[in-house]
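Dear colleague,

Please find the structure below, handed over for your own work. My notes on it follow directly after.

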Amino acid sequence: MKELDVLYETVIDRKANGEEGSYTSYLFNKGLDKILKKVGEECTEVVIASLSQSKEELVGEIGDLMYHLIVLMVEKGITLDDVNAELEKRSQKTHNLKAERKPIEHL
């Protein structure tokens with residue numbers, strides 16, 4: 001079993017059988033808003049680490065983001081198989097480069 005599969009199964013277990021002192025259980029108890037806040041924070045930390053930190057620190061931040069994304073997936077009932085199926089669908093597409101988005105001129 002691969003590490004993401006193990007992590008996914010652990011997160012499912014924490015949601016079903018909360019564990020005292022578990023950060024994962026804490027996130028589920030706090031609800032979707034807290035989970036989304038953490039996903040956003042981790043996204044930002046990945047961007048910052050990409051620009052200014054070592055490979056090791058970036059890998060750590062990517063790991064944090066992936067963990068929080070898996071918590072979000074479990075919360076929303078999305079499986080790793082769902083994501084793999086979507087990626088498989090996308091891998092079948094070719095020549096689908098989209099045009100650059102127009103810059104925002106007025107806010």
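Isoleucine 62 is found in helix α4, helices being DSSP runs of H or I with at least four residues, numbered from the N terminus. With a relative accessible area of 34%, isoleucine 62 is partly exposed; buried stands for under 20%, exposed for over 50% and partly exposed for what lies in between (1.4 Å probe, protein chains only). Together with Leu4 and Met66, Ile62 forms a nonpolar patch on the surface, with about 220 Å² of accessible area in total. Areas come from the Shrake-Rupley method with a 1.4 Å probe.

Please note that this is a predicted model, in which local features need pLDDT of at least 70 and side-chain atom pairs count only at pLDDT 80 or more, while totals for chains, interfaces and linings use all residues. Residues are numbered from 1 along each chain as its sequence is written, and side-chain values use heavy atoms, with hydrogens and water left out.

Not counting residues up to four places away in sequence, tyrosine 8 touches Ile70, Met73, Val74, Ile78, Thr79 and Leu80, contact meaning heavy atoms within 4.5 Å.

In α2, the buried residues are Thr24, Ser25, Leu27 and Phe28. They lie on the same side of α2 because they cover an arc of only 155° around the axis, taken from the directions from the helix axis to the C-beta atoms. These buried residues pack against α1, α3 and α4, whereas the face turned away from them carries the exposed Asn29 and Lys30. Serine 25 has 5% relative accessibility and therefore counts as buried. Beyond its neighbours within four places in sequence, serine 25 is in contact with Arg14, Gly18 and Glu19.

Finally, valine 83 belongs to helix α5 (residues 80-91) and is partly exposed at 33%. Valine 83 touches Met73 and Ile78, residues up to four places away in sequence being left out.

Yours sincerely

Key: Helix = DSSP H or I, 4+ residues; strand = E, 2+ residues; numbered from the N terminus. Patch = residues over 30% accessible without salt bridge, like charges linked within 9 Å, V, L, I, M, F, W, Y side chains within 5 Å. Salt bridge = Lys/Arg side-chain N within 4 Å of Asp/Glu carboxyl O.
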